[in-house]
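Here's a quick tour of one protein chain, from its overall layout down to a few individual residues. Keep the viewer open as you read.

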Amino acid sequence: METELVNKRLTITDIASCLSYPAGSLTAFRMGQGQNGDNFNARDLTGRVWGFRLCTRNHDPYEKPVIRGEWLRYVREKGLAVDDLIILTMVQDAENGASFNIRFEAADLELAL
């Protein structure tokens, strides 16, 4: 079963620093008590695997999760821009556990890799 974790238009901050991640989708990741990050890999439409890290704030009542790791490399190599749509999904498989997929739709094109 595929679950959509992120479906958002990119902002200046998203393409210049890190991707803000919806706090409501944090349950997709299994961060232990006291942990504020989790590494994961996501496959793009070309089959390339990207290493990302979901992070939350340490000492703040608002977690404000973000995705880092190879995020900025992904942005540069894909040529992402403000208002492009980023879609991150999780596929839960009883045999293999969770896997993640990432894709984008350029604001000025139908679909991009």
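## Overall layout

What pattern does the protein chain follow, read along the sequence? The pattern is β-α-β-β-β-β-α-β-β, made of 2 helices and 7 strands. Helices (H or I, at least four residues) and strands (E, at least two) are DSSP runs, numbered from the N terminus. The radius of gyration is 14 Å, close to the 13 Å that the globule rule gives for 113 residues, so the chain is as compact as a globular protein of that length. That radius is taken over C-alpha atoms, and the rule is 2.2 Å times the number of residues to the power 0.38.

Before going on, note that this is a predicted model: local features need pLDDT of at least 70, side-chain atom pairs count only at pLDDT 80 or more, and totals for chains, interfaces and linings use all residues. Residues are numbered from 1 along each chain as its sequence is written, and side-chain values use heavy atoms, with hydrogens and water left out.

## The sheet

The 7 strands form an open sheet with mixed pairing, in the order E1-E6-E7-E3-E4-E5-E2. E1 and E2 stand at the edges with a single partner strand each, so one side of each has no neighbour in the sheet. Pairing here requires that DSSP finds at least two bridges between two strands.

E3 and E4 pair antiparallel over 7 bridges, and Phe40 has Phe52 in E4 as its bridge partner. Their hairpin has 5 residues between the strands, and Gly47 takes a positive phi near 95° there. E4 also pairs antiparallel with E5, over 4 bridges, where Phe52 stands opposite Gly69. E3 and E7, by contrast, run parallel and are joined by 2 bridges; Arg43 stands opposite Asn101 in E7.

## The core and helix H2

Which residues have the most contacts inside the largest nonpolar core? They are Tyr21, Trp71, Ile86 and Leu88, in a core of 25 residues. Strands E1 (2-9), E3 (37-43), E4 (49-55), E6 (85-93) and E7 (97-105) each supply at least two of its residues, as does helix H2 (71-78). A nonpolar core here is a set of buried Ala, Val, Leu, Ile, Met, Phe, Trp, Tyr and Cys residues joined through side-chain atoms within 4.5 Å. Buried means under 20% relative accessible area, exposed over 50% and partly exposed in between (1.4 Å probe, protein chains only).

In H2, the buried residues are Trp71, Tyr74, Val75 and Lys78. They cover an arc of only 100° around the axis, which puts them on the same side of H2; the arc is that of the directions from the helix axis to the C-beta atoms. The buried residues of H2 pack against helix H1 (12-16), E2 (19-20), E4, E5 (66-69), E6 and E7. Leaving aside neighbours within four places in sequence, Trp71 is in contact (heavy atoms within 4.5 Å) with residues including Leu10, Phe52, Ile86 and Ile102. Just after H2, Gly79 takes a positive phi of about 70°.

## An exposed loop residue

Is His59 buried or exposed? His59 is exposed, with a relative accessible area of 79%, and lies in the loop between E4 and E5. His59 and Asn36 are 23 residues apart in sequence and 9.8 Å apart in space, C-alpha to C-alpha.
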